[in-house]
Amino acid sequence: MSDWYKDAIIYQLHVRAFRDSDGSGTGDFRGMLEKLDYIQELGVNCLWLMPFYPSPLKDDGYDISDYCAVHPDYGTLGDFQEFLNEAHRRGMRVITELVLNHTSDQHPWFRDSRQSPESSCRDWYVWSTTHNRYRQARVIFLDTEVSNWTWDPAADAYYWHRFFSHQPDLNYDNPSVQEAILDVARFWLDRGVDGLRLDAVPYLFEREGTSCENLPETHAFVRRLRRFMDERYGDRMLLAEANQRPEDLCAYFGEGDEFHAAFHFTLMPRMFMAIRREDRQPIVDAVIQTPQAPSTCQWVIFLRNHDELTLEMVTEEERAYMQAEYAREPRMRLHLGIRRRLAPLLDNSRRRIEVLNSLLLSLPGTPSIYYGDEIGMGDNFYLGDRLGVRTPMQWNSDRNAGFSSANRQQLFLPVVVDPEFHYEAVNVEAQQRNPASLLNWMRRVIGIRQRFPVLGRGAVEFLEPANLKVLAYLRTDPETTILCVVNLSRYAQPCELDLRRFSGRKPVELFGNTMFPPIGELPYFLTLGPHSFYWFRLSGP
Ligand code: GLC
């Protein structure tokens, strides 16, 4: 078993939104095949695909009605296989979704379950004659759901759901459910997927008197799935989506016998906070307070994804600050978060976009980049739910941004035409032509990251320059030391770094390969322009 996920750079994308090959208005696997060159040139080496299974698409595919097939709008299982093989041929890994907590209410299991108390699948879901059970479990989709119970007239009972009411939770106390989900995992692992992102993993079991999150039974099932995977398949990875505090989250690594990797949900909002407050402390605290993961495990860090920028895991005060600073209009908010893409969140400031991406690519963890953010795509928060950050990828300035040749009205979602982010200006083709574009900068910075595995695997140590607007840290392994210095402020800043222990060594700036003056016994003095950063390799004495 190799720990390839520690050297991965993940690119998250939605088949539906990437490229439509047949003019249907919806993206598909054949379209993805066409665009593998683009992804490869970006320099990422791992793709994470959002759910592409048959689904009524009321939660954009996280409401699955058939686990072991491809949604007909996106192609066939054969198309998926061809895409996967081609990605592998190019040295890229592919992570797919295992949405195991719930199904769509259109799934045959649920249809059967609700029929009658004698149905063979009755006990596959969580039924109750009252809505008073498990009252300590919070409601997650606060803007749409009032309770975790919904009355089903057909079944003459309430069913349990942690998300939308059309997504009934599976009953993991039933051994048949556990078996069925292992079968689903087997199905996709047999096809060759390299990793599974386990969606909404904290909520598998319910127990009275608890929050119904992170229960020991849930961990036991994860261990079972992990054993199953290790015994039959080498080199595959389990990735946890558990929006929890670091202690609870870290528990999902177990003793190296649960997840290989987990999204870091508390660092993400703190990067946004730090750049707005022009203060390094939120980042330093978030990293320092992160429990040590077992040596085989890895955090996955991210700036944005397909969901709202979640503020569930910050204090109330921090949440109020973030909402005031980043979501002035109420429409920009959803549940406890903010439904915006990276570029609009950062006022479309190229410098700030670069600074945050530099953090993403140099703080400890495996970075995950959300499709479109590499060209600074905008969003459309007038679309419902989280759809405003899932609009078609902008390839060029042709009709439908080159995403599709369909009638404009036929698109699954409209392309972004906001004056500042209009697809005629913000698109791949235009940025490929411009050497100074964000896309070309992203390629360069990803290339540097790939050259220095220490950024994925090394230890981190924060320096303490007196100027709090400057964040400085070392990434080290026995061979390499990288010094990262970041100006979080919109004004130029000086800083003095105590680098005495590296006396005699010369910092080499990684973008230009520029030698800086050697480190001596005195504080090492640097000045930084507004919202800028340096990455140095400390070359040998
Ligand atoms: C996860 C997904 C989110 C989805 C929810 C319910 O949190 O990231 O998009 O709505 O699960 O499946």
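Predicted model: local features only at pLDDT ≥ 70, side-chain atom pairs only at ≥ 80, totals over all residues.
Two strands are taken to pair if DSSP finds at least two bridges between them.

**Strand β4 and its sheet**

In β6, the residue that bridges to W127 is Y159. β4 and strand β6 (residues 157–160) run antiparallel and are joined by two bridges. These strands belong to an open sheet of three, ordered β4-β6-β5, with antiparallel pairing. β4 (127–128) and β5 (149–152) each have a single partner strand and stand at the edges, so one side of each lacks a neighbour in the sheet. In general, the strands of a sheet pair through backbone hydrogen bonds, in either a parallel or an antiparallel manner.

**Strand β18 and its partners**

Strand β18 (residues 506–509) is joined to strand β21 (residues 533–539) by four bridges, and the two run antiparallel. Within this pairing, E509 has F536 of β21 as its bridge partner. β18 also pairs with strand β19 (residues 514–515), again in the antiparallel sense, over two bridges. Here the bridge partner of V508 is M515 in β19. β18 and β19 form a hairpin with four residues between the strands, and N513 takes a positive phi near 55° in this hairpin.

**The ligand site**

The ligand sits in the largest cavity. There are 13 residues around the ligand, of which D59, H102, D199, E241 and D307 come nearest. By residue class, the shell around the ligand comprises three nonpolar, three polar and seven charged residues.

| Residue | Side-chain atom | Ligand atom | Distance |
|---|---|---|---|
| D59 | N or O atom | oxygen atom | 2.7 Å |
| E241 | polar atom | oxygen atom | 2.9 Å |
| R386 | polar atom | oxygen atom | 2.9 Å |

On its own, the ligand has 310 Å² of accessible area, and the protein covers 96% of this area. For R386, a polar side-chain atom lies 2.9 Å from an oxygen atom of the ligand.

Methods. Residues numbered from 1 in each chain as written. Heavy atoms only, no water. Near = heavy atom within 4 Å. Polar contact = N/O pair within 3.5 Å; in protein donor to acceptor, adjacent residues only side chain to side chain. Areas by Shrake-Rupley, 256 points an atom, 1.4 Å probe, with all protein chains shown as cover. 1 Å grid on protein atoms, 1.4 Å probe; cavity = no way out; pocket = protein on both sides within 12 Å on 5 of 7 lines; lining within 4 Å. Sits in = over half its atoms within 2 Å of the grid points. Nonpolar A, V, L, I, M, F, W, Y, C, P; charged D, E, K, R; others polar.
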